[in-house]
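Me: Let's go through this chain by question and answer. Keep it brisk.

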Amino acid sequence: QDHARHRPRHAGQVQGNEPRRVGGERHRVLNPVGILHRSEATLRFFGEDLVPEEITALLGVSPTQSYRQGDDVSVRAGNVRIARIGSWRFHATERTPGDLEAQVFEILDQLTSDASIWASLSRYKPDLFCGVFMNSFNEGLPLSAKALLALGDRGIALDLDIYYPNE
């Protein structure tokens, strides 16, 4: 009988439903099930020749944010900059606790699944840009083969920005 699969892989990993204390003087309590604190996801397209209305027509949904090269774009604190390239973005609902799987399908289920349309959009190098926000050590980020295949079939790269709070 192989008991190795029931042992932690490294110091501080959670077993069962009991939180375990780790970390020198700080003694943090780990999330007992390793659930991701918060996640954000945005489907993005960029290009010098990008015309947002064309992407909207092809995908069948209006973007959350879009602009053409040369447009004025509002940035933080009310400042404005000139867009160097065009952009089309479609945001999923922010999730707390994090659920990137649900966000993938929240976005993709609203868009066409026509492979020829996605192939025509490949020149804009689509990606799913994800903000992954951890609250503690060893939080998990599961993605099913179904979600990864759905992204891959459409030529969408997965870009993860992982944030851990400073202590």
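Me: What share of the 167 residues in the chain is buried?
Reply: This is a predicted model, where local features need pLDDT of at least 70, side-chain atom pairs count only at pLDDT 80 or more, and totals for chains, interfaces and linings use all residues. Residues are numbered from 1 along each chain as its sequence is written, and side-chain values use heavy atoms, with hydrogens and water left out. Buried means under 20% relative accessible area, exposed over 50%, partly exposed in between (1.4 Å probe, protein chains only). Of the 167 residues, the buried share is 34%.

Me: How many helices and strands does the chain have?
Reply: Both are DSSP runs numbered from the N terminus: helices are H or I with at least four residues, strands E with at least two. The order along the sequence is β-β-β-α-β-β-β-β-α-α-β-α-β. The count is 4 helices and 9 strands.

Me: Which strands stand at the edges of the open sheet of 5 strands?
Reply: Two strands pair if DSSP finds at least two bridges between them. The sheet has mixed pairing and the order 4-7-3-8-9. Each edge strand has a single partner strand, so one side of each is left without a neighbour in the sheet: these are strand 4 (65-67) and strand 9 (157-163).

Me: What angle does the direction of helix 1 make with that of strand 7?
Reply: Axes are lines fitted to C-alpha atoms, for helices over the stretch in contact (heavy atoms within 4.5 Å). Angles run from 0 to 180 degrees between N-to-C directions. Helix 1 (residues 52-59) packs on the sheet, touching strand 3, strand 4 and strand 7 (86-91). Its angle with strand 7 is about 40°.

Me: Which residue in strand 8 is the bridge partner of Thr 42?
Reply: Strand 3 (residues 38-47) and strand 8 (residues 127-133) run antiparallel, joined by 7 bridges. In strand 8, the partner of Thr 42 is Phe 129.

Me: Why are the buried residues of helix 4 on the same side?
Reply: The buried residues of helix 4 (residues 145-153) are Ala 147, Ala 150 and Leu 151. They lie on the same side of helix 4 because the arc they cover around the axis, taken from the directions from the helix axis to the C-beta atoms, is only 95°.

Me: What covers the buried residues of helix 4?
Reply: The face turned away from the buried side carries the exposed Ala 145, Lys 146, Leu 149 and Asp 153. The cover on the buried residues includes helix 2 (100-108), strand 8 and strand 9.
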